[in-house]
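Dear colleague,

Please find below the structure that I am handing over to you. My findings follow it, arranged by topic.

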Amino acid sequence: MIGELASFSNALSNAFTNTLGGKSTQLSNWRNTLRYSSSIALVIICFVILFNFQTLTLRVFALGFAAGFIGGLGLPFIYKAISTGAVSFVGPVVALTQSFFLIMFAVIVKNESLSLTFPIAAALGAVGIYLCSRQAVGNQPVTFSIFLLAATAAVFFSGFSFIATEIDNSQILGGLVGARFGVFALTFVFPPKKGLAIPNGGEYKKYALLSGTCEVIANIFFMIAINNLELSKVGIFMASAPALSTLIAIKMLHQRPSITNWVGIAASSGALAIIALS
């Protein structure tokens, strides 16, 4: 039961992370969102590591830093995609694209074989993306540029996962510390631009800080999940993230997905569940 609860909590926290980041970007810009979200996340994880400091080694920190830096490059793209497009489209695109790259990584690098159910998952995922791309009731834009933003974010997130596979499960917390430093380093590569007028003042800060907090919570729940449940089952719960993100966006971003969009989300989640099981 602990593994199941942690897996669902991970999916829910990830959904809040992305949607809150998109809301903050709507009110300011992605550079400001990245600075505040990564800062609070770094503070929290540095406090948590004090309770398990032995997991932090130079090798684990270096791998985590590299993973965080590469994965963090995807944050501006997901923030921008969610702040300007329909979450009911962005969520499935990110999840399915990331799954595709992880599968290719497993086949090419790890010499694993494709499951017989992969074509079914691929077809179901393609149908899901198509249905999610249909115009929502609230007229949130679904354009090729938004697709590119979401897909690019997924590519960088996949890079995080590729590197993270080199970290042992017992040392994940130490790797997360390195990852948070890696993401925070990006705020010096892409610092907030000075002199830009922010229409809503500092209102964006609370959403950015909450986004960073939820991201660390998601990381911690994932760590608990994989230590208490098979990875395939964790993946099934993670497949609910697109639907959860859309539900949150209805309230937070005032979006209104259509029935067709919901069918597409269900198809995408089904495809992710099949991938996880296989």
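In which helix is N261 found? The residue belongs to helix α12, which spans residues 259-277. Please bear in mind throughout that this is a predicted model. N261 has a relative accessibility of 0% and therefore counts as buried. Its side chain reaches the backbone nitrogen of S258, at a distance of 2.9 Å.

The loop that lies between α11 (241-252) and α12 contains H254. Most residues other than glycine have a negative phi. H254 is not a glycine, yet its phi is positive, at about 60 degrees. With a relative accessibility of 61%, this histidine counts as exposed, because the threshold for that class is over 50%.

Helix α4 deserves a paragraph of its own. Seven of the 10 residues in this helix (residues 75-84) are buried, so α4 is largely enclosed by the rest of the structure. The buried positions are L75, P76, I78, Y79, A81, I82 and S83. If residues up to four places away in sequence are not counted, L75 touches L34, F157 and V183.

How many salt bridges does the count give? The count comes to one. It joins the side chains of R180 and E215, with an N to O distance of 3.2 Å. The two partners are 35 residues apart and link distant parts of the chain: R180 lies in helix α8 (residues 172-189) and E215 in helix α9 (residues 203-226). R180 has a relative accessibility of 3% and so counts as buried. E215, at 13% relative accessibility, also counts as buried, since the limit for that class is under 20%.

Another buried residue is located in a loop. I167 is found between α7 and α8, and its relative accessible area of 12% makes it buried. Leaving aside neighbours within four places in sequence, I167 is in contact with V60, L63, G64, I172 and G175. I167 and F188 are 21 residues apart in sequence, and their C-alpha atoms are 26 Å apart in space.

Finally, the surface. F47, L50, F51 and F53 make a nonpolar patch of about 520 Å² there. One of these residues, F53, lies in the loop between α2 (30-48) and α3 (58-72). Is F53 buried, exposed or partly exposed? Its relative accessibility is 49%, so F53 counts as partly exposed.

With kind regards

Conventions
Residues numbered from 1 in each chain as written. Predicted model: local features only at pLDDT ≥ 70, side-chain atom pairs only at ≥ 80, totals over all residues. Heavy atoms only, no water. Buried < 20%, exposed > 50% of the residue type's maximum accessible area, 1.4 Å probe, protein only. Helix = DSSP H or I, 4+ residues; strand = E, 2+ residues; numbered from the N terminus. Salt bridge = Lys/Arg side-chain N within 4 Å of Asp/Glu carboxyl O. Patch = residues over 30% accessible without salt bridge, like charges linked within 9 Å, V, L, I, M, F, W, Y side chains within 5 Å. Areas by Shrake-Rupley, 256 points an atom, 1.4 Å probe, with all protein chains shown as cover. Polar contact = N/O pair within 3.5 Å; in protein donor to acceptor, adjacent residues only side chain to side chain. Contact = heavy atoms within 4.5 Å.
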